[in-house]
Amino acid sequence: MVQLRAAHERDLTELASLAGELGYPLAPAIISANLLQIVARPEHCLLVACDGEDRAIAFLHAYQRISLASVPSVEIAGLVVAADWRGQGVGRRLILALQDWASQHGVMVLRLRSNVQREDAHRFYQQLGFRVSKTQLALVKNL
């Protein structure tokens, strides 16, 4: 039976592996530093789905987003389910839990960005009621 709970530092190994599956392989030290900052901030939600042995098999990270030019929203920063667990409703359960979290924080809009190559992810999100609102470039500048 899959259980959902808040992420803990003891999930570090599984979170690092899952981040790699999502396409963002980072050193465990970086993920650990990020994790400590995320769990300390109440405007962030970091959930894990765990197998029967309490190992993280999926995570969802989202945060409250305030912008001067739009309504407050919760933005999904990352959602990944381990390959062996995909198609079993784990991602759906995480999204539903996030919807509850957002509602409890008075936020009624969920947002996410997804690489144009992730067509399976696009279908998943659209089946859950997300709609494409625009296309855009993602730009970055290293300092």
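Reply: Contact here means heavy atoms within 4.5 Å. This is a predicted model, so keep that in mind as we go. Ser-73 sits in strand S4, which covers residues 70-81. With 0% relative accessibility, Ser-73 counts as buried, because the cut-off for that is under 20%. Leaving aside residues up to four places away in sequence, Ser-73 touches Tyr-63, Gln-64 and Arg-65, and also Val-107, Val-109 and Arg-111.

On to their sulfurs. A search of the whole structure turns up zero disulfides. For Cys-45, the nearest cysteine sulfur belongs to Cys-50 and is 14 Å away. Since a disulfide needs two cysteine sulfur atoms within 2.5 Å, Cys-45 is in no disulfide. Cys-50 is in no disulfide either, and its nearest cysteine sulfur is that of Cys-45.

Now the helices. The axes of H1 (residues 12-22) and H2 (residues 28-39) come within 10 Å and cross at roughly 110 degrees. Angles from 65 to 115 degrees count as roughly perpendicular, so H1 is roughly perpendicular to H2. On the H1 side, the contact is made by Leu-12, Leu-15, Ala-16 and Ala-19; H2 brings in Pro-28, Ile-31, Ser-32 and Leu-35. Sorted by class, that contact has seven nonpolar residues, one polar and no charged ones.

Definitions and conventions:
Residues are numbered from 1 along each chain as its sequence is written. This is a predicted model: local features need pLDDT of at least 70, side-chain atom pairs count only at pLDDT 80 or more; totals for chains, interfaces and linings use all residues. Side-chain values use heavy atoms; hydrogens and water are left out. Helices (H or I, at least four residues) and strands (E, at least two) are DSSP runs, numbered from the N terminus. Buried means under 20% relative accessible area, exposed over 50%, partly exposed in between (1.4 Å probe, protein chains only). Axes are lines fitted to C-alpha atoms, for helices over the stretch in contact, and angles run from 0 to 180 degrees between N-to-C directions. Angles under 35 degrees count as roughly parallel, over 145 as roughly antiparallel, 65 to 115 as roughly perpendicular and the rest as oblique. Ala, Val, Leu, Ile, Met, Phe, Trp, Tyr, Cys and Pro count as nonpolar, Asp, Glu, Lys and Arg as charged, and the others, Gly among them, as polar.
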